[in-house]
Amino acid sequence: MSKKIKYDKKKADILFSLLIREAGQCFKCTNTYRLQCAHIITRGYFGTRWDIQNAVCLCSGCHVFFTYHPIEWEDFTDEKFGVELRPLLKQRARDYTKSGRKPDYLTICEELEGQLTLPLDK
């Protein structure tokens, strides 16, 4: 992977995290500090990595807890979003992987920047 591609991928990840953290509080406990982006389906799947439906804002404590308690994470997200979401996200992840497409990081970055409500310092 070239340095340019790595940079663009990292930029997309940063923008996505900023967008999710704009919620301003942890989705579980409402803490407002040390906020992080938590993926419902692991971010290893590019079909859902930058999908708004696949992430929530968590504080670092809740994020660590759910990272080491995946059954509780599934129960929590199923309760909050409904049991229909997880199969939908899994299908999106699988379909993208099977398609063999490569992510267009520049387009992803442009779309994410367009969704941010806070201005970026460039």
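**Pocket lining, helix packing and loop residues**

The lining of the largest pocket is made up of 9 nonpolar, 4 polar and 5 charged residues. In this classification Ala, Val, Leu, Ile, Met, Phe, Trp, Tyr, Cys and Pro are nonpolar, Asp, Glu, Lys and Arg are charged, and the others, Gly among them, are polar. The model is predicted: local features need pLDDT of at least 70, side-chain atom pairs count only at pLDDT 80 or more, and totals for chains, interfaces and linings use all residues. Residues are numbered from 1 along each chain as its sequence is written, and side-chain values use heavy atoms, with hydrogens and water left out.

**Largest pocket**

- The largest pocket holds about 420 Å³ of space, a volume being the space filled by probe spheres set on grid points joined across faces, edges and corners.
- A pocket is an open set of points on a 1 Å grid over the protein atoms alone, where a 1.4 Å probe fits, with protein on both sides within 12 Å along at least five of seven lines; lining residues have an atom within 4 Å of a point.
- Of the 18 lining residues, His-39, Ile-40, Ile-41, Thr-42 and Trp-73 are the closest to the pocket centre.
- Two or more lining residues come from each of β1 (35–39), α3, α4 and α5 (85–99), and α5 gives the largest share, 4 residues.
- Helices (H or I, at least four residues) and strands (E, at least two) are DSSP runs, numbered from the N terminus.

**Packing of α3 and α4**

- Helix α3 (residues 60–67) packs against helix α4 (residues 70–81) at an angle of about 115 degrees, and their axes are 6 Å apart.
- Axes are lines fitted to C-alpha atoms, for helices over the stretch in contact, and angles run from 0 to 180 degrees between N-to-C directions.
- The two helices are therefore roughly perpendicular (65 to 115 degrees).
- Phe-65, Phe-66 and Thr-67 of α3 meet Pro-70, Glu-72, Trp-73 and Phe-76 of α4, with contact meaning heavy atoms within 4.5 Å.
- The residues of this contact divide into 5 nonpolar, 1 polar and 1 charged.

**Loop residues**

- Asn-54 sits in the loop between α2 (46–49) and β2 (55–59) and is buried at 0% relative accessibility (buried is under 20%, exposed over 50%, partly exposed in between, with a 1.4 Å probe and protein chains only).
- Beyond its neighbours within four places in sequence, Asn-54 contacts Ala-38, His-39, Ile-40, Ile-41, Thr-48 and Leu-89.
- Most residues other than glycine have a negative phi.
- Thr-30, in the loop between α1 (3–21) and β1, has a positive phi near 70 degrees and is partly exposed at 44%.
- Arg-34, found in the loop between α1 and β1, has a positive phi of about 50 degrees and is exposed at 55%.

Methods: Angles under 35 degrees count as roughly parallel, over 145 as roughly antiparallel, 65 to 115 as roughly perpendicular and the rest as oblique.
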